[in-house]
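Please consider the following structure from its overall dimensions down to a local feature of its surface.

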Amino acid sequence: MHYYDIQGIQLTELAEKFDTPLYVYDANKIIEKIGILRDSFKDVNIKIKYACKANTNLSILKLMRKHGVEIDVVSPEELRLALMAGYEGAQITFTPSGVSFDEIELAAEIGARINLDNLDVLEAFGKLYGNKKGALIRIKPHVFGGGNEKIMTAHPESKFGISIHQKDQILEIVKKYDMKIIGLHQHTGSDVKNADAFTQAASAILEMAKDFKDLEIIDLGGGFKVAYKDGDITTNMAELGAVLSSAFLNFCQEYGRPLQLWFEPGKFLVSEAGTFLTTANTVKKDPIKTFVCVNSGLNHLGRPMMYGAYHDIFNASNQDDSQQDDYRVVGYICETDTFSWSAEGQQSERRMNTVNKGDIIAMKNAGAYCFSMSSQYNSRIRPAEVLVINGEAKLIRRRENFDDILRNTVEVDV
Ligand SMILES: *Cc1c(COP(=O)(O)O)cnc(C)c1O
């Protein structure tokens with residue numbers, strides 16, 4: 001189902017007021033998703049850690065915090081943003097991938113929880129802190145899960161985490177430095193549809209957890225699948241909640257005390273809250289196809305070209321669905337940048353209400369990994385961002401201008 005307004009404000013009105021290209025986010029949708037996750041796991045001591053790389057706008061981070069969601073960061077810069085949003089060190093989890101030990105030390109000094117992802121840093125952490133600071137270990141459970149090869153993270157060849165087959169080496173290091181391992185972590189990948197991949201990974205982690213005596217946390221990562229179009233299969237949260245909660249509670253009983261169950265959803269919390277508004281610069285009728293060329297490109301929303309992601313697209317300026325056509329929606333970047341790329345990885349057309357030059361073309365699921373992955377490629381400025389909250393549209397990031405393109409340029413005589 002298409003929507004033409006957010007909390008009663010027409011998309012076309014937002015486009016007019018703030019100009020396009022424009023990212024708009026619906027705060028109510030984010031709050032609703034937080035509620036769904038909490039309800040699904042109401043029987044266990046769940047902590048939600050928003051994987052903020054999905055969308056790092058400071059106002060989104062503050063909204064999360066206001067609604068009791070803590071935060072997962074992957075860089076020192078995200079860590080600083082989390083602190084700026086008001087999070088305390090202990091509410092922040094640092095889950096980096098193959099970073100230098102300096103970054104880990106910085107996070108540890110701030111008091112963040114850290115997911116150690118290789119034997120080297122485990123050893124360095126043990127050497128430096130011994131049992132003075134607790135840490136979590138990111139385990140690679142050798143499980144296949146996730147939408148496609150580029151977004152799977154727990155399969156045997158993945159770069160992420162310490163292989164579950166290296167348990168003995170982990171335990172040796174932990175013993176050598178008398179380390180306090182307070183949690184085990186795993187993240188299966190993104191767009192994980194079936195509860196099976198989660199439960200498989202969870203049971204592998206829980207089995208391993210029996211060998212660690214100081215645990216307070218089991219962290220099962222993120223990756224819940226969201227709907228990209230009508231009829232899409234998504235992670236069934238109620239079912240997943242029931243299955244995982246019961247496995248987790250059984251484990252706690254066996255382990256001898258109650259632990260916290262952590263999740264790190266990114267996409268699940270923010271993807272559907274976002275809509276990307278563009279303007280049709282021209283409708284180009286070719287003998288074979290009709291192209292809608294919009295005032296944006298893969299520099300602003302790269303997911304279709306980067307990993308074949310599907311974004312539902314509709315004409316927000318025309319609600320009359322009695323006249324439709326097939327359109328290929330493309331950007332202005334000087335290489336192929338098709339927004340209407342299909343999930344199967346082929347160029348494709350979308351059936352849309354008749355598009356005229358100047359119409360507002362809206363793309364759904366634009367809340368996660370869209371603005372946060374944007375760039376200035378082709379020396380194009382980045383869009384503005386707006387948050388609709390309590391029925392009011394608020395600018396949360398101004399549109400860039402030419403100064404932003406030049407900002408760090410150093411001009412020299414040549
Ligand atoms: C990216 C990431 C997530 C979030 O993944 P989603 O698919 O957005 O839910 C969670 N945990 C870690 C460690 C990540 O890197």
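The model is predicted. The protein contains 12 helices and 20 strands. Its C-alpha trace extends over about 70 × 60 × 40 Å along the principal axes.

Of the 414 residues, 56% count as buried. The accessible surface of the protein amounts to about 18500 Å², and 47% of that area is supplied by carbon and sulfur atoms. When contacts between residues at least 6 apart in sequence are taken, 70% of them join residues at least 24 apart.

The domain assignment divides the protein into domain 1, residues 27-267, and domain 2, residues 271-406. A distance of 32 Å separates the C-alpha centres of domain 1 and domain 2. Across the two, 20 residues of domain 1 make contact with 20 residues of domain 2.

At the local level, a nonpolar patch on the surface is formed by Leu83, Leu106 and Ile110, which together have about 220 Å² of accessible area. One of these residues, Ile110, is located in helix α5, which comprises residues 101-110. Is Ile110 buried, exposed or partly exposed? Ile110 counts as partly exposed because its relative accessibility is 34%, whereas buried would require under 20% and exposed over 50%.

How values were computed. Residues are numbered from 1 along each chain as its sequence is written. This is a predicted model: local features need pLDDT of at least 70, side-chain atom pairs count only at pLDDT 80 or more; totals for chains, interfaces and linings use all residues. Side-chain values use heavy atoms; hydrogens and water are left out. Patches are made of residues with over 30% relative accessible area and no salt bridge: like charges are joined within 9 Å, nonpolar side chains (Val, Leu, Ile, Met, Phe, Trp, Tyr) within 5 Å. Accessible areas come from the Shrake-Rupley method with a 1.4 Å probe; for residues, only the protein chains shown count as cover. A salt bridge is a side-chain nitrogen of Lys or Arg within 4 Å of a carboxyl oxygen of Asp or Glu. Helices (H or I, at least four residues) and strands (E, at least two) are DSSP runs, numbered from the N terminus. Buried means under 20% relative accessible area, exposed over 50%, partly exposed in between (1.4 Å probe, protein chains only). Contact means heavy atoms within 4.5 Å. Domain bounds come from an automatic or database domain assignment.
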